[in-house]
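Welcome! Please look over the two chains shown below, and then let us walk through them together.

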Amino acid sequence: MDIGFATQQIIYGLTVGCLYGLLAIGYTMVYGVLRLINFAHGDLLMVSAYVAFFGIVIFSFPWPLAFAGAALITGFIGILIDRGAYKPIRKSPRISALITAIGVSFLLENLALVIIGGRPKPFPIPMLFEGSLSVGQVKLPILSIWVLAVTTVLLMIVLAIINKTRIGMAMRALSRDMETVSLMGIDVNRVISFTFALGSMLAAFGGVMWCMKYPAIEPFMGVIPGLKAFVAAVLGGIGNVTGAAIGGLILGLAEVLIVAVQPDWSGYRDAIAFCIMIFILLTRPTGIMGQKLPD
Amino acid sequence: MLQVEDLHVSYGGIKALKGISIEVGPGEIVSLLGSNGAGKSTTVRAISGLVPIGSGEISFNGIRLKGMSPHKIQRLGLAHVPEGRKVFANLTVNENLLMGAYNNHDKSDILKLLFRFFSIFPALNDKRQQLAGTLSGGEQQMLAIGRAMMSKPKMLVMDEPSLGLAPLVVSDVFNVIKQIRTEGVTVLLIEQNANAALKISDYAFLLENGRLSLEGKGLELLNDPRVKSAYLGDTNYKAVFDN
C-alpha cells in the first residue's frame with residue numbers, strides 16, 4: 001500500500017468519522033444530563049435531511065437558508081421529543097425512558113414513511129460542496145474539507161458553551177444532581193430543553209452533510225448512522241463530549257481503513273462498529289475518556 | 001415568615017408526616033429536632049417543593065407554596081442547604097458559588113457576594129479553582145452554606161449541617177449559623193445534635209413519628225428530659241446522658 005492511497009483512505013475515514021462524531025456528541029450530551037440513551041437521536045439526521053431537501057426543492061430557498069432552517073427546526077423537534085415523550089416519565093425507572101426512546105425512534109421513522117413516502121429522494125447538493133482538489137495523487141473532496149472544518153468549529157462551540165457559560169455550568173451540575181440544581185432556583189426542564197436543542201442541532205448539521213456525502217434520503221437513513229454514533233459515544237466514554245468526537249473519528253477511520261486493507265470485508269463494514277463496541281464493553285466499559293459515575 | 005399548617009406527606013402509602021404545624025418568625029433561628037425517621041427531612045423537603053404535599057398548607061411571606069416547583073420557591077428567597085451537603089463535585093469551588101447566584105444577573109453584585117464569602121472562609125480562597133469533590137467534609141459544608149447564601153435568601157433551611165463532621169468543625173458550622181442570623185437571615189435548622197442546636201435556637205419543635213411532640217423556647221428545652229427520651233426512645237436516658 002503506497003502512501004498516496006493511505007492518505008486518501010485516511011481522508012475518507014476522517015470525513016465519515018466527523019459525521020459520526022457530530023451525531024455522537026448529541027447522544028453523549030443527553031446521556032450526560034438525563035442518563036438516557038436517546039435512540040431517536042439518529043432519526044433527527046433524517047428529519048434535518050428532509051427539512052433541508054424540502055427547503056431547497058419545494059420552497060426553492062437558497063441552500064444556506066434551507067440548512068439553517070433544518071438546524072432550527074430539528075433543534076425544535078428535539079425539544080418537542082423531550083417535552084412530549086421524556087418529561088412525563090422523568091421520575092419513572094430508567095428502563096421506561098429507554099423503551100420510550102425506541103418508541104419515539106419508530107414513530108419518527110414511520111411518520112416520515114407515511115407522510116413523505118419510502119422512495120429515496122436525491123439530495124440536491126449545492127455547487128459549493130461539489131468537486132475535489134488534487135494534491136499529487138491524492139484527491140481531496142471539497143465536501144471533506146467542509147465536514148472537517150464545520151465539525152471542528154461546532155466542537156469548539158459546544159465545548160465553550162459547556163465549560164464557559166452559565167447554562168453549560170448548569171448542564172454539568174445537572175449531570176450529577178438534578179435535585180440540588182433545582183434548589184439553586186434553576187428551572188431544570190429549561191436546561192434539559194437547551195441540551196436537547198443543542199444536541200439536535202448538531203445532528204442536523206451532521207444530517208445535511210451526511211446527505212451531501214450519501215445523497216439519497218429516505219425515512220430509515222438515520223438508523224445505521226445513529227447506531228454507529230452511539231457506538232462512537234460509548235467508545236469515547238459516554239457523557240464526555242470530546243470523547244464522543246474522538247470515538248467518532250476512531251470509528252470512521254477503523255471502518256474505512258479495515259476495508260481498504262481487506263477489500264473482501266467490505267460487506268462487513270457495519271459489523272466492524274459493533275465488534276468494536278463489544279470489545280469496548282468487555283475491556284473498558286467506561287470508554288476512552290469516560291469516568292466512573294455514581295449511579 | 002414561614003407557616004406550616006397541618007402538613008401531611010406520604011410516600012406511596014406510608015405516612016411520613018401526620019399533621020405538622022410550625023411557624024418561623026422573621027430573624028429567628030428555629031430548630032426541628034427528632035430522631036432518625038421522625039420526619040424532619042420530609043418537612044423541609046416539602047417546604048422546598050422537593051416532595052409533594054398530601055394535605056395542609058405551607059406559606060412563605062404570605063405566598064402559598066403548595067404545588068410550586070423547587071426553583072420557584074428558591075426564587076422567593078427561601079434557600080435550602082440539603083442533607084449531605086450535595087456540593088457539585090464536578091464543578092470548581094467558584095462555580096459552585098456561582099450556581100447559588102444563578103438568577104442574579106448583576107455581575108458586580110456577584111463579585112461582592114463572592115468577596116464576602118471568601119473573606120469569611122479564607123481557607124477556600126486558595127481552592128477556588130479546585131473541584132468541590134476534592135474538599136474535606138467541613139469545607140464542603142461551608143461551601144454548601146455559602147452557595148445557598150449567594151442567592152441572598154430571606155430564609156435559609158438547613159438539613160443536618162453538622163452530620164458526619166468532626167467536633168471542631170461542628171462548632172464552626174454553628175458559629176456560621178449564628179453569623180447568618182446577624183445578617184438578618186431567618187434560619188430553620190434540622191439537627192440531630194440537639195444540645196448544640198438548642199443553644200443557638202430561639203424556638204424549637206420536636207418531631208416523633210411524623211407528629212409534633214413538644215415545642216418551646218430553645219433554652220427551655222435544653223434541659224427537658226423529654227427531648228432526650230425522644231432521641232433514645234428510652235426512659236433510662238439519664239443513665240446514658242448523665243454519667
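Among the contacts in chain B between residues at least 6 apart in sequence, 64% join residues at least 24 apart; two residues are in contact if their C-beta atoms, placed from the backbone, lie within 7 Å. In chain A, residues 24 or more positions apart account for 76% of the contacts with a separation of 6 or more.

Before going further, a word on what you see. This is a predicted model, in which local features need pLDDT of at least 70 and side-chain atom pairs count only at pLDDT 80 or more, while totals for chains, interfaces and linings use all residues. Residues are numbered from 1 along each chain as its sequence is written, and chains are lettered from A and ligands numbered from 1 in the order in which they are written.

**The two chains**

Here are some overall values for each chain.

Helices (H or I, at least four residues) and strands (E, at least two) are DSSP runs, numbered from the N terminus. A residue is buried if 20 or more other C-beta atoms lie within 10 Å of its own, exposed if 12 or fewer, and partly exposed in between; these C-beta atoms are placed from the backbone.

The radius of gyration of chain B is 18 Å, close to the 18 Å that the globule rule gives for 243 residues, so chain B is as compact as a globular protein of that length. For chain A, with 295 residues, a compact globule would have a radius of gyration near 19 Å, and the chain's 19 Å agrees. The radius is taken over C-alpha atoms, and the globule rule is 2.2 Å times the number of residues to the power 0.38.

**Sheets in chain B**

Let us begin with an open sheet of four strands, which has the order 2-1-4-5 and antiparallel pairing. Strand 2 and strand 5 (63–64) of chain B stand at the edges with a single partner strand each, so one side of each is left without a neighbour in the sheet. Two strands pair if DSSP finds at least two bridges between them.

Strand 1 (residues 2–11) and strand 2 (residues 14–24) of chain B pair in the antiparallel sense over eight bridges, and B:Val4 has B:Ile22 as its bridge partner in strand 2. These strands form a hairpin with two residues between them, and B:Gly12 in the turn has a positive phi of about 45°. Strand 1 of chain B also runs antiparallel to strand 4 (residues 55–60), joined by five bridges; here B:Gln3 stands opposite B:Ser59. Helix 1 (residues 40–47) of chain B lies across strand 1, strand 2 and strand 4, running at about 115° to strand 1. Axes are lines fitted to C-alpha atoms, for helices over the stretch in contact, and angles run from 0 to 180 degrees between N-to-C directions.

Another open sheet of chain B has six strands in the order 6-7-8-3-9-10, with mixed pairing. Its edge strands are strand 6 (78–81) and strand 10 (211–217), each pairing on one side only. Strand 6 runs parallel to strand 7 (residues 155–159) of chain B, with four bridges joining them, and B:Ala79 is partnered by B:Leu156 in strand 7. Helix 6 (residues 137–149) of chain B lies across both strand 6 and strand 7, at about 170° to strand 6.

**A hairpin in chain A**

In chain A, four bridges join the antiparallel strand 2 (residues 132–135) and strand 3 (residues 138–141). A:Val135 stands opposite A:Val138, and A:Gly136 takes a positive phi near 60° in this hairpin, which has two residues between the strands.

**Core and contact between chains**

Which residues touch the most other members of the largest nonpolar core? Among its 154 residues they are A:Tyr27, A:Ala49, A:Val208, B:Leu156, B:Leu188 and B:Leu189. Such a core is a set of buried Ala, Val, Leu, Ile, Met, Phe, Trp, Tyr and Cys residues joined through C-beta atoms within 7 Å.

Finally, the contact between the chains takes 15 residues from chain A and 20 residues from chain B. Helix 6 of chain A gives the largest share of chain A's side, five residues.
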